[in-house]
Amino acid sequence: MNEFNPTSFEEALVAGSSDENLKSLAQTSERIFVRSLDQLAEDNPKAKGRRLTAYESLTVYGKDILREVIAEGSALLCDSPMAAGRVLQERRKLLNLSVRQVAIRAEVDQRIVEEAEKSRRLPVREYERIARSLALDERYLSFRAEPVGNERLAVRLRTIGDEHPRMTEPAVSAIAEAAWVAMTQIRLEEALKIQPCRTGIKPSSNYGGPGYPAFLHGYYLAQNSREELKLGTGRINSLRQLCEELGIPLVQAELGENLAGVTVQINGRRAIVLNLDGQNRHVYMRRSTIAHELGHLLYDIAPSLNELRVDDYSELERPVDQIRDPVEQRANAFSVEFIAPQKEVYKFRGNNDPVGEIMDWFWISYTAARYQLWNALERSIPLEKLVSKRREPAQEAEAQEAYTSYIHPLRNIAMSRAGRFSAVAVRAAEVNIISWQTAAEYLNCAEEELKNAADQIRDLFPAVFSSQ
Amino acid sequence: MIHLDFIRRYPPSNPSRAAANQDEMRKLTSSDGVKLLTAPPASVSERRIPMKSGDPGCHLWVIDQSGIPYILEHALVTRPLQSGRVTHTNLTGGAPASCGGEIWFDPADEVLVYINGCSGRYGPDNSRKLEDAVEVVRQLGYNVPSFGWDSDADKPAKVLRR
């Protein structure tokens, strides 16, 4: 148990220091609190609940609750005894998910979900798992009577099925969980003061018009992006890394065979959910998907880019002039031009296997390479003549783009959390923003395992730790 | 288990925390509304069914050498208390007690009371002790739904849940 230190966070708390001072002292405090569904208490080795750092406890539950814990040993968190179950059930129904699907995603027994929805006494960690699978901020469960976390996104997820009939229940559930990952990553990065790289890129409301199709503007925006981001004209080795540098969380998920990717808006920030199923199993297709979503995220204006945007594979590989929706047409053109600028592609025109070489050079898909070369040649030769037998991706491309779930030091880590999220969680634990127990729970491992793997995670994502 | 057995098993001890102000150590008496819990019906002015700690109708109780003194948390005491409400040490004057918590008296059923171990000063430190305290009240003739133990916090539960 932690000893009272009169020069520490506790003293400042009792003395009524300013919020900023308290926050900064909380971050240096080693004091740990423990939370159940209903109360926050002093840490105790026998307690089985969620261990929270002083910073976590202060920023979520506030100083009055913490003062009470220090004075009385514990404080009531519960706003209304039935609130936790009601919030979970309402969110599940809003997402149109079955109890079974939520149980699968949360990796709990179906009976646990049913009991939780009745606000029965269960370990808080079971409640947390269910909340995360529903894109809810689990820290506020029971503390607030209303749901915290992406209400508008949830509403949009419910209606998206009408527009995308192939949106299955597991896909909705995977997107919700991915949204939680993105939301948490953004929150932790903000607490860590990790600033996204600033660019001069501004959204563009130009979706073409008579005589100027949207795809032409997509090409222009791609060229503009390469300039703004100082990428030159060569291959972009890692679109994944580029997203990270731009502060755009990229979350991997298994969304079935039809959806390529999804963009979600979370508290004014945007994230990409990248499908690893279907055609995206091929790294070049995955690059096209990321570039397409980047086209949306960097340039679409708010009305075109609402809480949730879903892209099918069928859209992504379609030639730009065959896409009716100008928003999608522009994003597709952006994608292909961003990955392989026509000016550069043109230089391959006299080569032995120009399409194959373009694929190898720019790490671009076969279909996209063909069309890009065809367009670079102003369609002066039949498309049927632009063929290649090459299909296999360069091994290096996999290494650059693949998130690290295959090589991640944590064996049981979920695919959605194996990316930068894992590094952000480790760094947040290192500086007391979250407890090691919380970080370990996020990454589905034991505390000791995480501490042992921390150095390897640091090596995989040096940028997350570079601003220390 | 009866009162004396409980005292024997769990000898009274001093409050586990310092008082927030001097008034918390003032011992209230029957003229302030302190009563001793005996066989039902209990003499109370406010009967409510609780959902959580501190809900309206909350009475504080302790088990000490005198028995089970209790008082309405928001009792109108003869001389107002600095913190505006009664604390468990007001039942003991800061003297040792074996256990403490909150109790509500059912409005429709005179033998039905709801109990928890929520006391920052005398609260039980394990579930067995809470169960034994509840048993003492049962032995007086009450039906006692207990809030139970919150294993996640390793504290007496603050919410009445199934």
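The model is predicted: local features need pLDDT of at least 70, side-chain atom pairs count only at pLDDT 80 or more, and totals for chains, interfaces and linings use all residues. Residues are numbered from 1 along each chain as written, while chains are lettered from A and ligands numbered from 1 in written order.

**Chain B.** Chain B has three helices and seven strands (DSSP runs: H or I of at least four residues, E of at least two). Their order along the sequence is α-β-β-β-α-β-β-α-β-β.

| Property of chain B | Value |
|---|---|
| C-alpha span along principal axes | about 35 × 30 × 30 Å |
| Buried residues (20 or more other C-beta atoms within 10 Å) | 44% of 162 residues |
| Contacts joining residues at least 24 apart, among those at least 6 apart in sequence | 70% |

**Interface.** Chain B gives 18 residues to the contact and chain A gives 23 (C-beta atoms, placed from the backbone, within 7 Å). The chain B side has five nonpolar, four polar and nine charged residues.

**Helix pair in chain A.** Helix 5 (residues 99-106) and helix 6 (residues 110-117) of chain A pack at about 110°, with axes 8 Å apart. That makes the two helices of chain A roughly perpendicular (65 to 115 degrees). The contact joins A:V99, A:R100, A:V102 and A:A103 of helix 5 to A:Q110, A:V113 and A:E114 of helix 6. These residues divide into four nonpolar, one polar and two charged.

Terms used. Axes are lines fitted to C-alpha atoms, for helices over the stretch in contact, and angles run from 0 to 180 degrees between N-to-C directions. Angles under 35 degrees count as roughly parallel, over 145 as roughly antiparallel, 65 to 115 as roughly perpendicular and the rest as oblique. Two residues are in contact if their C-beta atoms, placed from the backbone, lie within 7 Å. Ala, Val, Leu, Ile, Met, Phe, Trp, Tyr, Cys and Pro count as nonpolar, Asp, Glu, Lys and Arg as charged, and the others, Gly among them, as polar. A residue is buried if 20 or more other C-beta atoms lie within 10 Å of its own, exposed if 12 or fewer, and partly exposed in between; C-beta atoms are placed from the backbone.
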